[in-house]
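Subject: Structure for you to look at

Hello,

Here is the structure I promised to pass on. Please open it and keep it beside this email as you read.

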Amino acid sequence: MQTQHTEVFVSGGGIAGMITALAFAEAGFSVVCVDPATPVTDRAAKGADMRSTAFLQPSRALLEEIGLWARLEAHAAPLQVMRIIDAGGETPTPRVESEFDATDISEQPFGWNFPNWLLRREALAALEAHPQITPRFGVGVQDVLTRSEAVRLRLSDGSTVSTKLLIAADGRNSPVRRALRIDVQTIRYGQKALAFTVSHPIPHNNISTEIHRSGGPFTLVPLPDRDGLPASAIVWMERGEEALRLRDLDKAAFEKELNARSCGILGPLELTSPRDIWPIISQYARSLTGERTALIAEAAHVIPPIGAQGLNMSLADLRALRDQAVAHRGALGSREMLDAYARGRLADIRLRITGIDALNRASMAGARPLRDLRALGLNAIHGVKPLRKSLMQIGLGAKG
Ligand SMILES: Cc1cc2nc3c(=O)[nH]c(=O)nc-3n(C[C@H](O)[C@H](O)[C@H](O)COP(=O)(O)OP(=O)(O)OC[C@H]3O[C@@H](n4cnc5c(N)ncnc54)[C@H](O)[C@@H]3O)c2cc1C
């Protein structure tokens, strides 16, 4: 079998990997993108990803630049207000409520939310239509041999590919990162997240709500109406055993607990999807680069799903890497290019990992005095306008 040559090779065709392939192809590079799994692009199909992703303002700008936004726009649910509720008192009822409104800092909403299965459908269609991209689903990276001139990859079907720049977008257990022997630092919280969708009688009015009690945040994120009813995506974080118990309850028993936890803010919630379960960790790679290789997205960093930061950080990686590739077009994959990428990303990644870790620990608090402290903190932050605005800008990725 002949070796295929490409300028850029993307290992991993998850949402981050597919968007990366599109961004590099749009910048004029030839791209091969491989993934052993074929994207599930139908909501009702087995294995459909029931999570949703909120793209914050800087991510939308990137999606517009690479032509993906035009495919997505009609399916967006805007996020105009972020509401944070502390329900950590004696009973599970709201006791402190703060609203952060995007109009305080911008003419646009904070972000736009989409179901993950739909993002995969639209990204895959764009990938398959792009003349610069060779998508290879059903095939994974097996061996990686880096050399100063090129990287040679052996794939699971026995074929080989040679590339100037290898991008690892192959997830938290990244096989490319392992092949390059790049270590990770991992924090385990003993927590899991349940992800599912609901319908409700009270409209969400484009408000995303995070409710804190104990065990972790319970977050409702607006979705477009479904079958004529208001709909939301929920991420419910709990200690591992409790999350498994909740997943295994029958629908009626689950909805009872769900409605107690949501404090009834959108009226009675009805479960409209299967319940996916995700382990929660924080993790970062000790280096963002190896020879002719860049790590991005969850291959580089994993954080708990709070404040819609995960994939937005990944798109910030991708933007930085693409810009360095364009600036070093004659020296694609060189040490100089990769160092510039790492320098540009490290501070922002550290800031967000540290910030989200602290928020998650505050939200997990079980003991009453800690829960009271959290409520006081929330009140204090919200009450000081410059601090509130500053935090909103950092959360958005407009400020680091
Ligand atoms: C419950 C939950 C809710 C979330 N909500 C949000 C949100 O609202 N906003 C946000 O920004 N982020 C959110 N995130 C984070 C976001 O989902 C992740 O950042 C994103 O899915 C990670 O994408 P990824 O492409 O890096 O990894 P993955 O999605 O894990 O993709 C990695 C891909 O690599 C492939 N792969 C594996 N082995 C190989 C191989 N040998 N060769 C090639 N490919 C391989 C896998 O098959 C997979 O498709 C959430 C996360 C969780 C857990």
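Below is what was found, grouped by region.

This is a predicted model, in which local features need pLDDT of at least 70, side-chain atom pairs count only at pLDDT 80 or more, and totals for chains, interfaces and linings use all residues. Residues are numbered from 1 along each chain as its sequence is written, and side-chain values use heavy atoms, with hydrogens and water left out.

A word on names before the tour. Helices (H or I, at least four residues) and strands (E, at least two) are DSSP runs, numbered from the N terminus.

**The ligand**

Start with the ligand. A residue is near a molecule or strand if one of its heavy atoms lies within 4 Å of it. There are 28 residues around the ligand, and Asp35, Arg51, Val141, Glu298 and Leu311 come nearest. By class, this shell has 14 nonpolar, 10 polar and 4 charged residues. Here Ala, Val, Leu, Ile, Met, Phe, Trp, Tyr, Cys and Pro count as nonpolar, Asp, Glu, Lys and Arg as charged, and the others, Gly among them, as polar.

Next, look at the polar contacts. A polar contact is a pair of N or O atoms within 3.5 Å; within protein, one must be able to donate a hydrogen and the other to accept it, and residues adjacent in sequence count only if both atoms are side-chain atoms. A polar backbone atom of Gly12 is 3.4 Å from a nitrogen atom of the ligand. A backbone N or O atom of Ala16 lies 3.5 Å from a ligand oxygen atom. For Asn312, a polar side-chain atom lies 3.2 Å from an oxygen atom of the ligand.

How much of the ligand does the protein bury? Taken alone, the ligand exposes 1,000 Å², and the protein buries 85% of that. Accessible areas come from the Shrake-Rupley method with a 1.4 Å probe; for residues, only the protein chains shown count as cover. Five elements are listed as giving two or more residues to the shell: helix H1 (15-26), strand E2 (31-35), strand E3 (52-56), helix H8 (297-300) and helix H9 (310-327).

**Two of those helices**

Take H1. Its end C-alpha atoms are 17 Å apart, which agrees with the 16 Å that its 12 residues should span at 1.5 Å a residue. The expected span of a helix is 1.5 Å times one less than its number of residues. Is H1 enclosed or open? 11 of its 12 residues are buried, so H1 is largely enclosed by the rest of the structure. Buried means under 20% relative accessible area, exposed over 50%, and partly exposed in between (1.4 Å probe, protein chains only). The buried residues of H1 include Ile15, Ala16, Met18 and Phe24. Gly28 follows H1 and has a positive phi, near 100°.

Now H9. It has 18 residues and reaches 26 Å from its first C-alpha to its last, close to the 26 Å expected. Among its buried residues are Leu311, Asn312, Leu318 and Ala325.

**The strands**

Two strands pair if DSSP finds at least two bridges between them. Strand E1 (residues 4-11) pairs with strand E11 (residues 160-168) in the parallel sense over 7 bridges. Val10 has Ile167 as its bridge partner in E11. E1 also pairs with E2 in the parallel sense, over 4 bridges. There, Val8 is partnered with Val31.

Elsewhere the sense is antiparallel. E12 and strand E17 (residues 276-285) are joined by 10 bridges. Gln185 has Tyr284 as its bridge partner in E17. E17 and strand E20 (residues 301-302) run antiparallel too, with 2 bridges. Gln283 stands opposite Val302 in E20.

**The loops**

Most residues other than glycine have a negative phi. Arg181 has a positive phi of about 55° although it is not a glycine. Arg181 sits in the loop between helix H5 (175-179) and strand E12 (184-199). It is exposed, with a relative accessible area of 76%. Cys263 also has a positive phi, near 55°. Its place is the loop between helix H7 (251-261) and strand E16 (270-271).

Ser262 lies in that loop between H7 and E16 as well. Is Ser262 buried or exposed? It is buried, at a relative accessible area of 1%.

Best wishes
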